[in-house]
Structure formats: structure tokens, C-alpha cells
Amino acid sequence: MQEFVGFNTQDQYKKFTLTNADLVKRDFLNALNIRQGLLPGRPQYGTVIWDNLFENQSNEVTTAIENELQRVAGGDPRMQIISIDVFPQENGILLQVEIQIVPSTETERLRIFFNN
């Protein structure tokens, strides 16, 4: 299996190297923390999920969020999304995303909370 190696300073104290699944998850979360169009030179990087925080949580909004998560994950060939659950909250949106790191068969569930 190919090993993925990268650098991370978020929530790290002495060891700044991430590998494999930890690196893929961090890269995915980084993409979700940036509003689409704000990264210079990469206008497609990031997400528009932040624009849905104050929308009424209808089926159309839920579908748009699911499609946006698939789009962001589709930019990384190292992972694929298995399932997405969207839960409206008082102050934001809770997403439970089950991902699989390619070529592994193991899955992991991420809980991501978008709030203002």
C-alpha cells in the first residue's frame, strides 16, 4: 500500500508529520474549513457549505450539502464518501460523513459541525 506523508501544524505539538488516513482526513477537513474561492490561485478549492448555515433546512438544502461534500471529496483521489447524514442544529449544521481511504476497505465516520 502506498504511504501518504504530509505536514500539519493544527492540533500538533511536537510531531508535525501526518501519514496515511490521518493526512487524508486533515486535508479533507482543511478543504471544508475554507470558503470556496478564497485560496489564491485555486478558485475551486474549499466549500460553499458555509452559505447554507442560515437557510431553512429543506430537502433541497440537504441535497445541496450532500452534493457539495461529494464535490469536495471528489477532488482527492485518496478517499471516497460512503455515506452522508445531515442534521440541522440550532446554531449550525452537523454532518456525519463515513469515508473510506483508497485502497483500504476500512471506513471511518467523521462528525463535522458547521457553525457561525
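Which residue in β4 is the bridge partner of Gln-80? I looked it up: the partner is Gln-100.

**Ground rules.** I am working with a predicted model, where local features need pLDDT of at least 70, side-chain atom pairs count only at pLDDT 80 or more, and totals for chains, interfaces and linings use all residues. Residues are numbered from 1 along each chain as its sequence is written, and side-chain values use heavy atoms, with hydrogens and water left out.

**The sheet.** I traced an open sheet of three strands in the order β3-β4-β5, with antiparallel pairing. Strands here are DSSP runs of E with at least two residues, helices are runs of H or I with at least four, and both are numbered from the N terminus. Two strands pair if DSSP finds at least two bridges between them. I noted β3 (79-89) and β5 (107-115) as the edge strands, since each pairs on one side only. Between β3 and β4 (residues 92-101) I found ten bridges, in the antiparallel sense. I then saw that α2 packs on the sheet and touches β3 and β4. Contact means heavy atoms within 4.5 Å.

**Thr-47.** Next I went to the loop between α1 (20-33) and α2 (59-74), where Thr-47 sits. Is Thr-47 buried or exposed? I found it buried, at a relative accessible area of 1%. Buried means under 20%, exposed over 50%, and partly exposed in between (1.4 Å probe, protein chains only). Leaving aside neighbours within four places in sequence, I listed contacts of Thr-47, among them Ala-31, Leu-32, Glu-68 and Val-72.

Notes:
Axes fitted to C-alpha atoms, helices over the stretch in contact; angles between N-to-C directions.
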